[in-house]
Amino acid sequence: MPYVLLGLLLMFLERTRFSDYSAPVFVGGLIGILAMILVVAWGAQAPYYNDERGSSTTALAFLFVPAYAVPAGVIEAALAAVLYSPFRARVHEAP
(Lines give C-alpha, C1' and ligand atoms only; values in the text may rest on other atoms or scores of the structure.)
Protein backbone atom coordinates (compact mmCIF):
# COMPACT_ATOMS: atom_id res chain seq x y z
CA MET A 1 0.00 0.00 0.00
CA PRO A 2 2.64 2.64 0.83
CA TYR A 3 4.68 1.82 -2.28
CA VAL A 4 1.60 2.11 -4.50
CA LEU A 5 0.77 5.51 -3.03
CA LEU A 6 4.36 6.65 -3.53
CA GLY A 7 4.23 5.49 -7.13
CA LEU A 8 0.96 7.35 -7.73
CA LEU A 9 2.47 10.49 -6.24
CA LEU A 10 5.49 10.19 -8.52
CA MET A 11 3.29 9.67 -11.59
CA PHE A 12 1.36 12.81 -10.63
CA LEU A 13 4.56 14.81 -10.12
CA GLU A 14 5.93 13.77 -13.52
CA ARG A 15 2.91 15.35 -15.23
CA THR A 16 3.25 18.70 -13.50
CA ARG A 17 5.77 21.52 -13.61
CA PHE A 18 7.31 20.04 -10.45
CA SER A 19 8.67 16.98 -12.26
CA ASP A 20 12.19 17.74 -11.07
CA TYR A 21 11.00 16.98 -7.53
CA SER A 22 10.44 13.32 -8.46
CA ALA A 23 13.88 12.07 -7.45
CA PRO A 24 14.03 13.69 -4.00
CA VAL A 25 10.42 12.76 -3.26
CA PHE A 26 11.12 9.17 -4.32
CA VAL A 27 14.24 8.86 -2.17
CA GLY A 28 12.70 10.62 0.84
CA GLY A 29 9.46 8.66 0.62
CA LEU A 30 11.29 5.37 0.24
CA ILE A 31 13.53 6.09 3.24
CA GLY A 32 10.51 7.02 5.37
CA ILE A 33 8.53 3.94 4.36
CA LEU A 34 11.42 1.53 4.87
CA ALA A 35 12.43 3.07 8.18
CA MET A 36 8.93 2.76 9.60
CA ILE A 37 8.51 -0.80 8.34
CA LEU A 38 11.84 -1.83 9.89
CA VAL A 39 11.14 -0.14 13.22
CA VAL A 40 7.61 -1.51 13.59
CA ALA A 41 8.54 -5.00 12.38
CA TRP A 42 11.49 -5.15 14.77
CA GLY A 43 9.35 -3.94 17.64
CA ALA A 44 6.75 -6.59 16.90
CA GLN A 45 9.31 -9.39 16.65
CA ALA A 46 11.65 -8.30 19.46
CA PRO A 47 10.08 -10.58 22.10
CA TYR A 48 11.07 -13.60 20.01
CA TYR A 49 14.76 -12.71 20.18
CA ASN A 50 15.16 -11.78 23.84
CA ASP A 51 13.78 -12.94 27.17
CA GLU A 52 10.46 -11.09 26.89
CA ARG A 53 7.22 -12.94 26.60
CA GLY A 54 5.58 -12.76 23.19
CA SER A 55 1.97 -11.72 22.79
CA SER A 56 -0.64 -13.55 20.80
CA THR A 57 -1.71 -10.26 19.24
CA THR A 58 1.70 -9.56 17.73
CA ALA A 59 0.40 -10.63 14.34
CA LEU A 60 -2.03 -7.71 14.43
CA ALA A 61 0.92 -5.34 14.37
CA PHE A 62 1.78 -6.51 10.88
CA LEU A 63 -1.66 -5.48 9.65
CA PHE A 64 -0.95 -1.91 10.70
CA VAL A 65 2.64 -1.66 9.46
CA PRO A 66 1.59 -0.30 6.04
CA ALA A 67 -0.78 2.15 7.67
CA TYR A 68 2.03 3.50 9.85
CA ALA A 69 4.42 3.61 6.91
CA VAL A 70 2.23 5.92 4.80
CA PRO A 71 2.48 9.01 7.08
CA ALA A 72 6.18 8.39 7.63
CA GLY A 73 6.73 8.24 3.87
CA VAL A 74 4.72 11.42 3.33
CA ILE A 75 6.68 13.28 6.00
CA GLU A 76 10.04 12.16 4.63
CA ALA A 77 9.01 12.93 1.03
CA ALA A 78 7.90 16.44 2.06
CA LEU A 79 11.13 16.95 3.99
CA ALA A 80 13.19 15.85 0.98
CA ALA A 81 11.23 18.22 -1.27
CA VAL A 82 11.81 21.13 1.12
CA LEU A 83 15.52 20.35 1.34
CA TYR A 84 15.71 20.17 -2.46
CA SER A 85 14.01 23.55 -3.00
CA PRO A 86 17.14 25.74 -2.63
CA PHE A 87 19.02 23.54 -5.10
CA ARG A 88 16.09 23.69 -7.53
CA ALA A 89 16.25 27.48 -7.52
CA ARG A 90 19.96 27.38 -8.40
CA VAL A 91 19.41 24.91 -11.24
CA HIS A 92 16.71 27.06 -12.81
CA GLU A 93 18.77 30.26 -12.50
CA ALA A 94 21.81 28.82 -14.27
CA PRO A 95 22.14 29.74 -17.98
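Modeller: The accessible surface of the protein comes to about 6700 Å² (Shrake-Rupley method, 1.4 Å probe), and 71% of that surface belongs to carbon and sulfur atoms. This is a predicted model, in which local features need pLDDT of at least 70, side-chain atom pairs count only at pLDDT 80 or more, and totals for chains, interfaces and linings use all residues. Residues are numbered from 1 along each chain as its sequence is written, and side-chain values use heavy atoms, with hydrogens and water left out.

The protein has 3 helices and 0 strands, where a helix is a DSSP run (H or I) of at least four residues and a strand (E) one of at least two, numbered from the N terminus. Of its 95 residues, 28% are buried, meaning under 20% relative accessible area with a 1.4 Å probe, protein chains only.

The core itself is a set of buried Ala, Val, Leu, Ile, Met, Phe, Trp, Tyr and Cys residues joined through side-chain atoms within 4.5 Å. The largest one has 10 residues: Leu6, Leu10, Leu13, Tyr21, Val25, Ile33, Ala69, Ala77, Ala81 and Tyr84. Helix H1 (2-14), helix H2 (22-49) and helix H3 (58-93) each give two or more residues to this core, and H3 supplies the largest share, 4 residues.

Beyond its neighbours within four places in sequence, Leu13 is in contact (heavy atoms within 4.5 Å) with Phe18, Ser19, Tyr21, Ser22 and Val25.

Key:
Buried means under 20% relative accessible area, exposed over 50%, partly exposed in between (1.4 Å probe, protein chains only).
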